[in-house]
Amino acid sequence: QVQLVESGGGLVQAGGSLRLSCAASGSIESIIAMGWYRQAPVKERESVASITTGGSTNYVDSVKGRFTISRANAKNTVYLQMNSLNAEDTAVYYCYLDQPGGGWGSRTRYWGQGTQVTVSS
């Protein structure tokens, strides 16, 4: 089993910044990718950012130029630096970790419990 613990959420004013952290522990064999989803009230879960072992990153258009995802491989930790926050960023943010799965080309995804980010207007 893999456990993910998120931290860094909180209340921030519009235009401010937060840095989210997600630390993984447990039976980690290898990491394909780590990333972040978010879910706002009455909205669909949305992929925010991801980073692969090779360092390739991907962001949803709405956060490009404002958010930066990074990894500390030795600590099995992923970070999400969030700048220029606005009210639309208010959501519960969930980190995930992808490991190779049982089948060829498959993977298993593990999720954190989420951390609340609230941006006041």
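1. Buried means under 20% relative accessible area, exposed over 50%, and partly exposed in between, with a 1.4 Å probe and protein chains only. Arg-38, at 7% relative accessibility, therefore counts as buried. The model is a predicted one, in which local features need pLDDT of at least 70 and side-chain atom pairs count only at pLDDT 80 or more, while totals for chains, interfaces and linings use all residues. Residues are numbered from 1 along each chain as its sequence is written, and side-chain values use heavy atoms, with hydrogens and water left out.

2. Overall make-up. The protein has zero helices and 11 strands, where helices (H or I, at least four residues) and strands (E, at least two) are DSSP runs numbered from the N terminus. Buried residues account for 39% of the 121 residues.

3. Dimensions and contacts. The radius of gyration, taken over C-alpha atoms, is 14 Å. A compact globule with 121 residues would have a value near 14 Å, so the two agree; the globule rule is 2.2 Å times the number of residues to the power 0.38. Along the principal axes, the C-alpha trace spans about 45 × 25 × 25 Å. Of the contacts (heavy atoms within 4.5 Å) with a separation of 6 or more, 55% are between residues 24 or more positions apart.

4. The four-stranded sheet. S1, S3, S8 and S7 form, in that order, an open sheet with antiparallel pairing; two strands pair if DSSP finds at least two bridges between them. Strand S1 (2-7) and strand S7 (67-72) are at the edges with a single partner strand each, so one side of each has no neighbour in the sheet. On average, neighbouring strands of this sheet are turned by 15° against each other, direction ignored. For such angles, axes are lines fitted to C-alpha atoms, for helices over the stretch in contact, and angles run from 0 to 180 degrees between N-to-C directions.

5. Pairing within that sheet. S1 and S3 are joined in the antiparallel sense over six bridges, and Val-5 stands opposite Ala-23 in S3. S3 and S8 also run antiparallel, with six bridges; here Val-78 in S8 is the bridge partner of Cys-22. Six bridges likewise join S7 to the antiparallel S8, where Ser-70 has Tyr-79 as its bridge partner in S8. The hairpin of S7 and S8 has four residues between the strands, and Asn-76 takes a positive phi near 50° in this hairpin.

6. Strand S8. How many of the six residues of strand S8 (residues 77-82) are buried? Five are, so the strand is largely enclosed by the rest of the structure.

7. The disulfide. A search of the whole structure returns one disulfide, defined as a pair of cysteine sulfur atoms within 2.5 Å. The bond joins Cys-22 to Cys-95, with an S to S distance of 1.9 Å. Distant parts of the chain are linked in this way: Cys-22 lies in strand S3 (residues 18-26) and Cys-95 in strand S9 (residues 91-100), 73 residues apart. The link of Cys-22 and Cys-95 is right-handed, with 50° about the S-S bond. Both Cys-22 and Cys-95 are buried.

8. Salt bridges. The count comes to six salt bridges, taking a salt bridge as a side-chain nitrogen of Lys or Arg within 4 Å of a carboxyl oxygen of Asp or Glu. One of them is between the side chains of Arg-107 and Asp-98, at 3.8 Å from N to O. Arg-107 is partly exposed at 47% relative accessibility, whereas Asp-98 is buried with a relative accessible area of 2%. Salt bridges that share partners join Arg-38, Glu-46, Arg-66 and Asp-89 into one network.

9. Two further pairs. The side chains of Glu-46 and Arg-38 meet at 2.9 Å, N to O, in a salt bridge. Is Arg-38 buried or exposed? Arg-38 is buried, while Glu-46 is partly exposed, with a relative accessible area of 28%. Asp-61 and Lys-64 form another salt bridge through their side chains, at 3.0 Å, N to O. Of this pair, Asp-61 is exposed with a relative accessible area of 61%, and Lys-64 is partly exposed with 48%.
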